[in-house]
Amino acid sequence: EFIIYTAQALRNKAYGQAIDFVWSATGTGDYAIRESVNRVKFFKNFKESRAIKPATASADGLFGGHLLGVKGGDSAVLFYDWDSGEFVRKIDVAPKEVYWSDSGNLVLIACEDSAYVLSYNAQVTASAIAMGQVSPEDGVDGSFDLLFEISDSISSGEWVGDCFIYCNNAGRLNYSVGGKIQTLVHLDTNSSGASIHSVLGYLAKEDRVYLVDKSLNIVSYRVMLAVLQYQTAVMRGDFDAANELLPSIPESEYTTIARFLEAQGFKEEALEVTTDDDHKFELALELGKIDIAHELMKLTPDEEKNSIDTMAKWKKLSDAALKTS
């Protein structure tokens, strides 16, 4: 059974029987229930609007979001439009969970050992439905495109813009930008090494992601929204937007940003951003900018001039200078 209450006064709004219940990402009082393995009902503004028999051997679960997801017994997820009930697309993977971005243009389908990030074209879907061009077998052509795969076992997660923050089964808090994985922190695990935390959500005004463990203890970690937005802009190749965001990022984060740029192959940009002299020295040598590396060496403090590390740097610099001369 399910009972829907109003959020503030906790008044009983609706109730009924269902095996599964999920909310729509849009619309007040829009939800769906699974009555049986072959019957799903749509509700709009708390009133039943239609019922469908999903095009699968058995409907084993539901996923809410910008489209209604039906977990098929044939290791697939079928997406349906909330307003019309039309079949949009079948994705042939066995989903554990489906995560939609707030804008609805991205969806992550988490499976047992990997996850798939797809883009969703709502305009193409709406146009096909309006013109009656929906195939009963294939749905709407061009509604989804695979962007990349994440080779990780995701236990919980949250979209922050175009970035996905998640806990994996090994107890790491990671985030993915354009398919590139960054580890934020190693979390506590149980005796078998499995994660005990789940992502509750992200508060942009606090620049923090909140997690809860199985004992209901809440912890939070700092994840700067400006850094995520910067990295997202870089992955899109939009350096104009990235450069506009850079002044809003504290200089203490610049070396982290520079190492991210270096990992993506943008070493020139990394050299301009980094505030770590050792990192700047290594980048200058890799880029053949001997003058910059030499100037950095001349700034070596007196107490470090005869150190092993400094001598090794001078040798690197002389070798690089000989190669370029």
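Where does leucine 216 lie? Leucine 216 is found in the loop between strand S20 (208-213) and strand S21 (218-222), where strands are DSSP runs (E, at least two residues) numbered from the N terminus.

## Basis of the model

This is a predicted model, in which local features need pLDDT of at least 70 and side-chain atom pairs count only at pLDDT 80 or more, while totals for chains, interfaces and linings use all residues. Residues are numbered from 1 along each chain as its sequence is written, and side-chain values use heavy atoms, with hydrogens and water left out.

Leucine 216 has a phi near 70°, a positive value in a residue other than glycine. Because its relative accessibility is 70%, leucine 216 counts as exposed (buried means under 20% relative accessible area, exposed over 50%, partly exposed in between, with a 1.4 Å probe and protein chains only).

Leucine 10, in the loop between S1 and strand S2 (12-16), has a positive phi near 55°, and leucine 10 counts as exposed because its relative accessibility is 59%.

## The open sheet

An open sheet of 4 strands has the order S15-S16-S17-S18 with antiparallel pairing, where two strands pair if DSSP finds at least two bridges between them. The edge strands, each pairing on one side only, are S15 (154-160) and S18 (180-186).

Strand S16 (residues 163-168) is joined by 5 bridges to strand S17 (residues 172-177), and the two run antiparallel; tyrosine 166 stands opposite asparagine 174 in S17.
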